Amino acid sequence: LGLDKVIKVSSAHNEGIEELKFEIYEILPTKNDNIEVNGDEFSIAIVGKTNSGKSTITNTLKGRKVSITGNKPSLTRDSVETKISYKRSNFKVFDTAGFIKSYEKDKKVNKLAIDQTLKKIRLCQFVLIVLDINDYFEKLHSKIINLVYNENRCMVVVINKIDTFEDFPKLAIQRKIYELNPQIKGMPIFFVSALKGSGFNDLLDGIKSQFGIW
């Protein structure tokens, strides 16, 4: 029929709906909270294991609470979408469900949440992979990094919760991450505290640099 793109959906089983919503959102005119900015809008997915601080990072980027946060794992089931502006650039940010080691508890619900996260990784232009500094060396982090890498997404690693240490060996941590994940050697690694709001200017400047926008 000469159609440009076909999206397969099942409304009864909620399949393909997120992709349909994303495509609709892309073509709709948007308002930027009365802030005049220049340039295109770039989409960013924030991914990582549960309790790594993804939702707190989203809230810090936004400047107010848009995602539920807490010590209980898997609070984010559906992706939370928000928009931010930084130095006259627009970003559409998706806070995604966290990856877990096992699906045994609420197996079906967790699988649906992870499927939505995988869709966001494939649809977004950029991915922030969030690691908790207290367990950045865990094997699950390497699996997540490899998954995003294999999807050919532009990405950076974000080490969160640096406020839990008075001092930490930044270079040693970077070397260890490159050692565990040689496929991303040389990729930017940023250190932030979402709770304290530190390190975010460097992170956002790094994202703009990866996009090639200033």
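This is a predicted model: local features need pLDDT of at least 70, side-chain atom pairs count only at pLDDT 80 or more; totals for chains, interfaces and linings use all residues.
Colleague: How many of the residues count as buried?
Modeller: The share is 44% of the 214 residues. To count as buried, a residue must be under 20% relative accessible area.

Colleague: Which elements make up the secondary structure?
Modeller: There are 6 helices and 6 strands. Read from the N terminus, their order is α-β-α-β-β-α-β-α-β-α-β-α. As for contacts with a separation of 6 or more, 66% are between residues 24 or more positions apart.

Colleague: What makes Lys49 and Asp135 a salt bridge?
Modeller: The N to O distance between their side chains is 3.2 Å. The limit is 4 Å, so the pair qualifies. Lys49 sits in the loop between β1 (41-48) and α2 (54-62), and Asp135 in the loop between β4 (126-132) and α4 (139-150), so the bridge ties together parts 86 residues apart in sequence. Both Lys49 and Asp135 are buried. Lys49 and Asp135 also belong to a network of salt bridges that includes Glu138. The whole structure holds 6 salt bridges.

Colleague: Why is the contact of Glu151 with Arg122 called a salt bridge?
Modeller: Their closest N and O atoms are 3.3 Å apart, and the criterion asks for a distance within 4 Å, so the name applies. Glu151 is in the loop between α4 and β5 (154-160) and Arg122 in helix α3 (residues 107-123), so this bridge joins parts 29 residues apart in sequence.

Colleague: How do you know that Glu151 is partly exposed?
Modeller: Its relative accessibility is 27%. Arg122, with a relative accessible area of 45%, is partly exposed by the same rule.

Colleague: What makes Lys161 and Asp132 a salt bridge?
Modeller: The side chains meet at 3.1 Å, N to O. With the cut-off at 4 Å, the pair therefore counts. Lys161 lies in the loop between β5 and α5 (170-180) and Asp132 in strand β4, so the parts tied together are 29 residues apart in sequence. Lys161 is partly exposed at a relative accessible area of 24%, whereas Asp132 is buried at 9%.

Colleague: Why is Ser52 called buried?
Modeller: Its relative accessible area is 0%, and the class requires a value under 20%, so Ser52 belongs in it. Ser52 is in the loop between β1 and α2. Apart from neighbours within four places in sequence, Ser52 is in contact with Val130, Asp132, Asn160 and Lys161.

Colleague: What does the side chain of Ser52 reach at 2.9 Å?
Modeller: The backbone oxygen of Lys49. The limit for a polar contact is 3.5 Å, so the distance meets it.

Colleague: Why is the pair of Phe42 and Phe91 called tilted?
Modeller: The planes make an angle of 40° and the centres are 6.3 Å apart. Phe42 is in strand β1 and Phe91 in strand β3 (residues 89-95), 49 residues apart. Phe42 is buried at 12% relative accessibility, and Phe91 is buried at 0%.

Colleague: What makes the pair of Tyr136 and Phe137 edge-to-face?
Modeller: The angle between the planes is 75°, with 5.3 Å centre to centre. An angle over 60 degrees is required, so the label holds. At 15% relative accessibility Tyr136 counts as buried, whereas Phe137, at 45%, counts as partly exposed. The search finds 3 aromatic pairs in the whole structure.

Colleague: Which residues form the nonpolar patch on the surface that has about 460 Å² of accessible area?
Modeller: Val9, Leu20, Ile24, Ile27 and Leu28. Ile24 is in helix α1 (residues 17-27).

Note on methods: Residues are numbered from 1 along each chain as its sequence is written. Side-chain values use heavy atoms; hydrogens and water are left out. Helices (H or I, at least four residues) and strands (E, at least two) are DSSP runs, numbered from the N terminus. Buried means under 20% relative accessible area, exposed over 50%, partly exposed in between (1.4 Å probe, protein chains only). Patches are made of residues with over 30% relative accessible area and no salt bridge: like charges are joined within 9 Å, nonpolar side chains (Val, Leu, Ile, Met, Phe, Trp, Tyr) within 5 Å. Accessible areas come from the Shrake-Rupley method with a 1.4 Å probe; for residues, only the protein chains shown count as cover. Rings of Phe, Tyr and Trp (its six-membered ring) pair if their centres lie within 6.5 Å; planes under 30 degrees apart count as stacked, over 60 as edge-to-face and the rest as tilted. Contact means heavy atoms within 4.5 Å. A polar contact is a pair of N or O atoms within 3.5 Å; within protein, one must be able to donate a hydrogen and the other to accept it, and residues adjacent in sequence count only if both atoms are side-chain atoms.
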